[in-house]
Amino acid sequence: MPAAYLRRSASRGGKARAKVLTAEERHERATSSRGSLEEAAMTYSTEDFVRRAAGGILRGNKYRGKFVCLPCLVTMTLARLHPGWRQSEIERAMDKVSETPGAMTYLPTFICALCQKTMPCLGAPHR
Ligand SMILES: [Zn+2]
């Protein structure tokens with residue numbers, strides 16, 4: 001699984017590239033990965049893990065009150081979670097989290113505190 005992750009990561013050509021998939025790409029991803037039923041069943045727990053990891057990062061000392069883009073959050077989440085996760089799973093879950101951010105705040109266009117690029121960002125507001 002680390003090999004697959006590295007290959008995918010290398011082919012992305014830049015860690016902060018905006019992710020826009022065409023319908024064909026989505027279809028290709030869905031059909032090329034093993035067991036779509038299994039993936040559907042895993043969606044909730046993956047989203048839950050990613051939501052908690054992202055929330056933890058955004059409430060930590062380093063990023064409290066700041067906004068971090070989705071690609072940077074995916075990278076940090078991958079680093080936090082155990083190495084069995086695939087980047088594609090984390091990206092998909094991060095998309096879901098951005099659609100229903102809950103206690104976090106989602107800004108479709110903001111400057112990332114980490115990579116300084118204007119990207120869709122998530123942050124945890126001050127309380
Ligand atoms: Zn970033």
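In what order do the elements of the chain run from the N terminus on? I began with this question and read the order as α-α-α-β-α-α-β-β. The model I consulted is a predicted one.

**Entry 1: the whole chain**

I counted the secondary structure and found 5 helices and 3 strands. I then looked up burial and noted that 27% of the 127 residues of the chain count as buried. For the contacts, I considered those between residues at least 6 apart in sequence, and of these 71% join residues at least 24 apart.

**Entry 2: helix α4**

I turned to helix α4, which covers residues 70–80. Is α4 enclosed or open? I found that 8 of its 11 residues are buried, so α4 is largely enclosed by the rest of the structure. I listed the buried residues of α4 as L70, P71, C72, L73, V74, M76, T77 and L78.

**Entry 3: helix α5**

I next examined helix α5, which spans residues 87–99 and has 13 residues. From its first C-alpha to its last, α5 reaches 18 Å, and I noted that this is close to the 18 Å expected at 1.5 Å a residue. Which residues of α5 are buried? I recorded E89, I90, E91, R92, A93, M94 and V97.

**Entry 4: the packing of α4 and α5**

I looked up how the two helices pack and found an angle of about 125°, with their axes 10 Å apart. That angle makes α4 oblique to α5. I also noted that α4 passes α5 in a right-handed crossing. On the α4 side, the contact is made by L70, L73, V74, T77 and L78. On the α5 side, I listed Q87, I90, E91, M94 and S98. I sorted the residues of this contact into 6 nonpolar, 3 polar and 1 charged. The spacing called for a reminder: an α-helix has 3.6 residues a turn, so residues three or four places apart point the same way. Comparing the lists, I saw that I90, E91 and M94 of α5 take part in the contact and are also buried.

Why does S45 count as exposed? I found 10 C-beta neighbours inside 10 Å, and S45 counts as exposed because a residue with 12 or fewer does so. S45 and A93 are 48 residues apart in sequence, and I read their C-alpha to C-alpha distance as 9.3 Å. A93 is one of the buried residues of α5.

For L58, I found 25 C-beta neighbours inside 10 Å, so L58 counts as buried. Leaving aside neighbours within four places in sequence, I listed its contacts as Y63, V68, M104, L122, G123 and A124. L122 is 64 residues from L58 along the chain, and I noted that their C-alpha atoms are separated by 8.0 Å.

I then looked at Q116, in the loop between β2 (105–111) and β3. Q116 has a positive phi of about 65° although it is not a glycine. I recorded Q116 as exposed, with 10 other C-beta atoms within 10 Å.

Where is P125 found? I placed P125 in the segment after β3, the strand of residues 118–123. P125 is exposed, with 11 other C-beta atoms within 10 Å.

Notes: Residues numbered from 1 in each chain as written. Predicted model: local features only at pLDDT ≥ 70, side-chain atom pairs only at ≥ 80, totals over all residues. Helix = DSSP H or I, 4+ residues; strand = E, 2+ residues; numbered from the N terminus. Expected span 1.5 Å × (residues − 1). Buried ≥ 20, exposed ≤ 12 C-beta atoms within 10 Å, placed from the backbone. Axes fitted to C-alpha atoms, helices over the stretch in contact; angles between N-to-C directions. Parallel < 35°, antiparallel > 145°, perpendicular 65-115°, else oblique. Left-handed = near helix turned anticlockwise from the far one by under 90°. Contact = placed C-beta atoms within 7 Å. Nonpolar A, V, L, I, M, F, W, Y, C, P; charged D, E, K, R; others polar.
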